[in-house]
Amino acid sequence: MQDVARLAGVSAQTVSRVARAVPNVKESTKAKVLRAMDQLGYVPNRAARALRSGQYRTLGVITQNLGRTGESLITAGIAAEAEERGYSVNLRQISHPGTQELAQAGSYFSHQAIDGLIVVQAGSATIPHTLSHGTPTVVSDSRFTNNFSSVVTDQVQGTRLAIEHLLSLGHTRIAHIAGPTESPSANIRQNIWQSTLEEAGLPLGPIMYGNWSARSGYQAGLALSELRVSAIFSANDEMAFGAMRALYEQGVSIPEDISIVGFDDIALAEYSVLPLTTVRQDFETIGRTLTDLVIARIASPTAPIEQRVIPSELILRGSTCPAAVG
């Protein structure tokens, strides 16, 4: 460390602050220290630093399926914020949303050098004992929000905005393409679709279940093309695009014959040939806020459970229009 300090022209204390990713170091000074580290081949000893400070500067992350848009973008937000805060990330993906796999992931992290744990998605799993070993833990979009501090999208607000938009356009027969029944998010969106229609004094439209994929949305769209509906609320954008493809193949015009609203606001929603009206979830902010919250709990592990709610936003595009008369 002394050699790095001499080469960079700074104190050993400043080198230590850069190595520990302590904030409030001038960018120009940080750059000089990092260049000196590279030239000398100096690598901070994380294990020794952990022994001195009691922290590993590492966060564990459990997620269900990185192939899905939400989980992937939230995890990217976690990693970006962690890097900026001087933490590394140890990731564990579970294939199925069951308690056993979650317990195995929790057991894995109980033997890892981590300071805190983030559960991005655990589906229908119940809380295994391996998540109760004292590691500061935060969750997002799971059934554990009453037991751990959490960061969630305002699913209720977003769904209500979508249905009220369709109602304002005169639609009275609104179908729903729901997500899988084991998904808490899908259940919330389905329940609010139902309650909003009931509050408006309207009968429930048909409901089709998918698995978040475009293929399942396509199958739902084929079925809905044979029913009398004027609008569809899809629980995510990918299923919405699958349904749009099916309806197009059946000669249904969107939005003149059937309006469609999605949920998520993936990149394709804005740039498809027919831009999709959808509810925006700010996945990056969710990920960054999860990281901020778990770091806060590392500093104050006995603090009360906290829930941070990220607002959702209705984005109006070309897939909705007033209902046809007659």
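Guide: The lining of the second largest pocket draws at least three residues from each of domain 2 (53-153 + 283-310) and domain 3 (155-281), the domain bounds coming from an automatic or database assignment. This is a predicted model, in which local features need pLDDT of at least 70 and side-chain atom pairs pLDDT 80 or more, while totals for chains, interfaces and linings use all residues. Residues are numbered from 1 along each chain as its sequence is written, and side-chain values use heavy atoms, without hydrogens and water.

Visitor: Which residues lie nearest the centre of the second largest pocket, and how many line it?

Guide: R68, G70, E71, Q121 and W212 lie nearest the centre, among 30 lining residues. A lining residue has an atom within 4 Å of a point of the pocket, an open set on a 1 Å grid over the protein atoms alone, where a 1.4 Å probe fits, with protein on both sides within 12 Å along at least five of seven lines.

Visitor: Which element gives the largest share of that lining?

Guide: The helix α5 does, with four residues; helices are DSSP runs of H or I with at least four residues, and strands are runs of E with at least two, numbered from the N terminus.

Visitor: Why is α5 called oblique to α12?

Guide: Their packing angle is about 45°, with axes 7 Å apart. That angle makes α5 oblique to α12, because under 35 degrees counts as roughly parallel, over 145 as roughly antiparallel, 65 to 115 as roughly perpendicular and the rest as oblique.

Notes: Axes are lines fitted to C-alpha atoms, for helices over the stretch in contact, and angles run from 0 to 180 degrees between N-to-C directions.
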